[in-house]
Amino acid sequence: MKLVRDKIPDIPNVWRRYRFQRLKTDQQYLEALKLKLVEESKEVAATRSQKELISELIDIADVVDEMRKLLGVTVSGMSLLRQKKLKDKGGFLKRLMMLSR
């Protein structure tokens, strides 16, 4: 079982091969979104072209946005939290990799 986009059941022959179930609780939805984020992250790692990478990044952005809304965080609230994290821990501009000793 995996979370799919709203229009997937409308694709011809998909509804013949699969059944669909609506998640009843926010907790179920949040857990499904977490699994979807992992799935999409694996797909990012497997991309072979810039076009594929951008498509998968859009999927991740959509999943993160749904999680944000479900958790009741506004776009501006997320931005403020992100800015605080950047200030406290920095970003990834230095391209640092941590190695074990």
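Does Lys2 count as buried or exposed, and at what relative accessibility? Lys2 counts as exposed, because its relative accessibility is 53%, and the cut-off for exposed is over 50%. The model is predicted.

1. Helix α2. This helix covers residues 26-45, 20 residues in total. From first C-alpha to last, α2 reaches 29 Å. That is close to the 28 Å expected at 1.5 Å a residue.

2. Buried side of α2. Leu30, Ala32, Leu33, Lys36, Glu39 and Glu40 are the buried residues in this helix. They pack against α3, residues 50-70. Note that the list includes Lys36, Glu39 and Glu40.

3. Glu40. This residue lies in helix α2. Glu40 counts as buried because its relative accessibility is 5%, and the cut-off is under 20%. Setting aside neighbours within four places in sequence, Glu40 is in contact with Glu56, Asp59 and Ile60.

4. Glu39. At 19% relative accessibility, Glu39 counts as buried. The cut-off for that label is under 20%. Please quote the percentage along with the label for Glu39: 19%, buried.

5. Glu39 with Lys2. These two residues form a salt bridge, with the closest N and O atoms 3.4 Å apart. The pair connects distant parts of the chain, 37 residues apart. Glu39 sits in helix α2, while Lys2 belongs to the segment before α1 (14-17).

6. Lys36 with Glu39. Here the closest N and O atoms of the salt bridge are 3.3 Å apart. Both residues belong to helix α2 and are 3 residues apart, so about one helical turn separates them. Lys36 is buried, and Glu39 is too.

7. Glu39 has salt bridges to Lys2 and to Lys36.

8. A pair in α4. Asp88 and Lys84 meet through their side chains in a salt bridge, 2.6 Å from N to O. They are 4 residues apart in helix α4 (residues 75-89), so about one helical turn lies between them.

9. Total. How many salt bridges does a search of the whole structure find? It finds 10. Among them are Glu39 with Lys2, Lys36 with Glu39, and Asp88 with Lys84.

Terms used. Residues are numbered from 1 along each chain as its sequence is written. This is a predicted model: local features need pLDDT of at least 70, side-chain atom pairs count only at pLDDT 80 or more; totals for chains, interfaces and linings use all residues. Side-chain values use heavy atoms; hydrogens and water are left out. Helices (H or I, at least four residues) and strands (E, at least two) are DSSP runs, numbered from the N terminus. The expected span of a helix is 1.5 Å times one less than its number of residues. Buried means under 20% relative accessible area, exposed over 50%, partly exposed in between (1.4 Å probe, protein chains only). Contact means heavy atoms within 4.5 Å. A salt bridge is a side-chain nitrogen of Lys or Arg within 4 Å of a carboxyl oxygen of Asp or Glu.
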